[in-house]
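Please keep the structure in view while reading.

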Amino acid sequence: MPLTEPYLLTPGPLTTSLTVKQAMLRDWGSWDSDFNHLTADICRRLLQVAHGEDQFVCVPLQGSGTYAVEATLATLIPFTAKALVLMNGAYGQRMAKILQYLGRSFVTLDMGDYLPPPPDRVDALLAADPAITHVAVVHCETSSGILNPVEAIAQVVATHGRRLIIDAMSAFGALPTDLRELPCDALVASANKCFEGVPGFGFALIRREALVASAGNAHSLSLDLYDQWAAMERSGQWRFTPPTHVVAAFAQALTEHEAEGGAVGRLARYTANRDRLVAGMRAMGFHTLLADRWLSPIIVTFHSPADPRFDFAAFYRLIREQGFIIYPGKLTVVDSFRIGCIGQLFAAQMDGVLAAVRTALDALGIADGSPRPEDLNTAEF
Ligand SMILES: Cc1ncc(COP(=O)(O)O)c(C=O)c1O
């Protein structure tokens, strides 16, 4: 186990393969036809993964995932529109914050930390407010790991004739996504999640007709996805300096994604990782924040142990010393931490992190990971 380079059990940046890293060893001219072909190639392959070739276009954008989310909201939601943001964690909240910055009207449905937005509540909200034109939802809310019922929500939104934007950042590439059957205007993700590339750009798969109609909506030049797309259509080039090495690494990551059996193969590995992790953690007394039916194969939130000797910083350091990086919690109410299942992680790494957790508990003098009973959630949906 390479102790100099720990495994990242985090939801991106994540542990990438050696071959993805090696793909960054060449320099590319951003105007050169080789690089333009590379861009066109990754866009084509991304549309293929989502079965969106017929009606969608892929627009890549420099920056982290949030840039792509902000650009999509800014481009597709006109100043005259009104959005409904479904929130059950930090990334839903972030979309609301973005809309606030952008000066767009919006309302929210806030489900707290661990419950999904129920499709019937969305139905009632849309029925009650005809002014709502757009709905924004997170597929896998990475702050808890909850898997939101986007398919059912998409059907409700479509029935009301409203438009849906999906932040599928930590879902696309592993969770099934079929744009032929998922009524939405846009699906946003980034290079460094389930496709296992390195960070540096995000992308949106946008319904062509919605993107064409969005000319002039954006308040910002660099975040205008209509302009980014139109320029790429004209010249094959990114408007501004592209993250060339990251794009090259992503092309290699896509090849490895395909070799693993695409999203189906990746989902199978991530699910096996998650099941191994959850079983091992439960055997040590830990409890997951979420009921089994909402657990994603992406990242799992565990309650912090009740034992007063538990200190996350010390626990983290002890696990880090054994070659694994875990993630702090991101909940508003109870103490928690998270362990990711995505990236170049296999059974050996999941067993490794479980052994590291046991060693860390022993070092802290904690018998088991049981949480405070009053922290356990009992609400169900
Ligand atoms: C669901 C979701 N949305 C948005 C983001 C933001 O992406 P970034 O941190 O790359 O800006 C993340 C990051 O983990 C995410 O998981």
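A residue is called buried if 20 or more other C-beta atoms lie within 10 Å of its own, exposed if 12 or fewer do, and partly exposed in between, with the C-beta atoms placed from the backbone. Helices (H or I, at least four residues) and strands (E, at least two) are DSSP runs, numbered from the N terminus. The model is predicted: local features need pLDDT of at least 70, side-chain atom pairs count only at pLDDT 80 or more, and totals for chains, interfaces and linings use all residues. Residue numbers start from 1 along each chain as its sequence is written.

Two strands count as paired if DSSP finds at least two bridges between them. β10 is joined by 7 bridges to strand β2 (residues 56-62), and the two run antiparallel. In this pairing, Q62 stands opposite F201. Strand β9 (residues 186-190) is also antiparallel to β10, with 5 bridges. Here L187 has L205 as its bridge partner.

Strand β5 (residues 134-138) has 5 of its 5 residues buried, so it is largely enclosed by the rest of the structure. H134, A136 and V138 lie on one side and V135 and V137 on the other. β5 pairs in the parallel sense with strand β3 (residues 82-87), over 3 bridges. A83 has H134 as its bridge partner in β5. The pairing of β5 with strand β8 (residues 163-167) is parallel too, and has 5 bridges. V135 stands opposite L164 there.

| Pair | Direction | Bridges |
|---|---|---|
| β2 and β10 | antiparallel | 7 bridges |
| β9 and β10 | antiparallel | 5 bridges |
| β3 and β5 | parallel | 3 bridges |
| β5 and β8 | parallel | 5 bridges |

An open sheet of 3 strands has the order β11-β14-β13, with antiparallel pairing. Its edge strands, β11 (299-303) and β13 (327-328), each pair on one side only. β13 is joined to β14 (residues 336-340) by 2 bridges. P328 has F337 in β14 as its bridge partner.

Helix α3 (residues 65-76) has 12 residues and reaches 17 Å from its first C-alpha to its last, close to the 16 Å expected at 1.5 Å a residue. The expected span is 1.5 Å times one less than the number of residues. Of the 12 residues of α3, 10 are buried, including G65, A68 and V69.

**Two domains**

The protein chain is divided into domain 1 (7-11 + 262-375) and domain 2 (23-259), with bounds from an automatic or database domain assignment. Their C-alpha centres lie 28 Å apart. In all, 24 residues of domain 1 are in contact with 24 residues of domain 2, where contact means C-beta atoms, placed from the backbone, within 7 Å. On the side of domain 1 that touches domain 2, α10 (262-283) and β11 each supply at least two residues. α10 gives the most to this side, with 5 residues. By class, the side has 15 nonpolar, 6 polar and 3 charged residues.

**Backbone details**

Most residues other than glycine have a negative phi, and most peptide bonds are trans. The peptide bond from G12 to P13 is cis, with omega near 5 degrees. P13 lies in the loop between β1 (7-8) and α1 (18-22).

H51 has a positive phi, near 55 degrees, and lies in the loop between α2 (33-49) and β2. E196 has a positive phi of about 65 degrees and lies in the loop between β9 and β10. Are these two residues buried or partly exposed? H51 is partly exposed, because 15 other C-beta atoms lie within 10 Å. E196 is buried, because 28 other C-beta atoms lie within 10 Å.

How values were computed
Two residues are in contact if their C-beta atoms, placed from the backbone, lie within 7 Å. Ala, Val, Leu, Ile, Met, Phe, Trp, Tyr, Cys and Pro count as nonpolar, Asp, Glu, Lys and Arg as charged, and the others, Gly among them, as polar.
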